[in-house]
Amino acid sequence: MTTALLTDHYELTMLQAALASGAADRRSFFELFPRRLPAGRRYGVVAGVGRALDAIEDFRFGEAELQMLSEERIVDDRTLAWLADYRFHGNIWGYAEGEVYFPYSPLMVVESTFAEAVVLETVLLSIYNHDSAIASAASRMTWAAGDRPCIEMGSRRTHEWAAVASARAAYVAGFTASSNLMARLRYDVPTTGTSAHSFTLLHDSEADAFRAQVDSLGRSTTLLVDTYDIEEAVRLGVEVAGAELGAVRIDSGDLGVLAHRVRAQLDDLGAHDTRIIVTSDLDEFAIAGLSSAPVDGYGVGTELVVGSGHPTCGFVYKLVAREDDHGRLVGVAKKSTDKISIGGRKYALRRLSPRGVAEAEVVGIGQPAVNDGDDRVLLTPLVKDGEVVGREPLKAARQRHLRSRGELPLVARQLSKGDPVIETVHER
């Protein structure tokens, strides 16, 4: 499906005016970056890179799109003709998916003509702002969870296609699986699921429901035990499945207290290997609060897919350099209060201590100094001469996130509100 109309009206009116003025073909550099982290956050996580590359490849104006633009008189005939032949022919560099970021990190640098680059603004921001918000929340949750797995279960709490993107972003940031089957089909995200309360209520008794589930899915299944009485349900579950029962899920009540009681009951019944999974409006704070409880895994829904209080990252996409009338590249920048951008084509480095701990986000203009061994280059090629070169398996992004997050100072793990865990240093 084309992504060409996942855009704002003014992208095309700017294009029309630039074509008319003769400036549309000026070589330009756009930069996608955050001016700040969401309030109180100590770091952010880049996600959506792979989806953005797909969107760039699919950015094509077909007959239906051109007809609508013509009939609604959104652009003139000259612009329609230009759009009919649109292909992105430029170059793009960016932070690789799963990387952490900080204020003014140049997450994507787009080099092309003004016309080719400006029309990508909205779709790129839409993808990056959403997916990075989810991944940033997911990273805090998986860090709080430690070695205990987190499962993404938020599909019913958001737009149906945002749910798919959320499952993908959560997987990048350490979630082990999702409930969303479209995420499995599109992105090979592992999926899992067993039953809801309606399945128990369907049957004449809880025991009948458990027998039906175990007969169909096996003794390793997870039984939902809080439809009626949790203690009785746990007893029935072990009676039906035996000590081989895979797990029980608790979805309501004081999860910490209940987990201790259920663990003791399972052990008394001989089900020492039966795991306890908890769900019910969990966020990173609730997960951290359960760290001392005998919980074996977490199912996270609503709070994840809304970014745990920060549903967008506030990324912007700004022109930072362009050719002048003499063909020279000049930096340009917005100077208005609270919305400052920094002109010039950027580089970005992560400065590390001798022990490999991140100390600064170094952002500069032009070419970086010779690497003295303590700087890690952050911008990687994503598109070269219009061809995608930066596509990678999602598992690579997942592994990168663990490495990148692992470089951060220990204070980054704190869930309390704070400033960015490393400063952004601007070099010129």
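This is a predicted model: local features need pLDDT of at least 70, side-chain atom pairs count only at pLDDT 80 or more; totals for chains, interfaces and linings use all residues.
The chain splits into domain 1 (9-134 + 312-426) and domain 2 (146-309), and the salt-bridge count comes to 21.

**How the two domains meet**

- On the domain 1 side, 18 residues make contact, and they touch 22 residues of domain 2.
- Putting the two domains together buries about 1,700 Å², with carbon and sulfur atoms giving 62% of that area.
- Within domain 1, the residues that lose the most area to domain 2 are Ile 134, Leu 394 and Arg 398; together they make up 41% of what that side buries.
- As for charge pairing, the rule picks out one salt bridge across the interface of domain 1 and domain 2.

**The α3/α4 helix pair**

- Helix α3 covers residues 63-71 and helix α4 covers residues 77-84; their axes sit 11 Å apart, at an angle of about 170°.
- An angle over 145 degrees counts as roughly antiparallel, so that's the label for α3 and α4.
- From α3, the contact uses Leu 66, Leu 69 and Ser 70, while α4 brings Leu 80, Leu 83 and Ala 84.
- Sorted by class, that contact of α3 with α4 has five nonpolar residues, one polar and no charged ones.

**Salt bridges worth a look**

- Side chains of opposite charge can pair when their charged atoms come close.
- Arg 168 pairs up with Glu 97 in a salt bridge, with 2.6 Å between the closest N and O atoms.
- Arg 27 does likewise with Glu 111, where the closest N and O atoms are 2.9 Å apart.
- Arg 27 belongs to strand β1 (residues 27-34) and Glu 111 to strand β5 (residues 108-113), so this pair ties together parts that are 84 residues apart in sequence.

Notes:
Residues are numbered from 1 along each chain as its sequence is written. Side-chain values use heavy atoms; hydrogens and water are left out. Axes are lines fitted to C-alpha atoms, for helices over the stretch in contact, and angles run from 0 to 180 degrees between N-to-C directions. Helices (H or I, at least four residues) and strands (E, at least two) are DSSP runs, numbered from the N terminus. Angles under 35 degrees count as roughly parallel, over 145 as roughly antiparallel, 65 to 115 as roughly perpendicular and the rest as oblique. Contact means heavy atoms within 4.5 Å. Ala, Val, Leu, Ile, Met, Phe, Trp, Tyr, Cys and Pro count as nonpolar, Asp, Glu, Lys and Arg as charged, and the others, Gly among them, as polar. Domain bounds come from an automatic or database domain assignment. Buried area is the accessible area (1.4 Å probe) that two parts lose on being put together, summed over both. A salt bridge is a side-chain nitrogen of Lys or Arg within 4 Å of a carboxyl oxygen of Asp or Glu.
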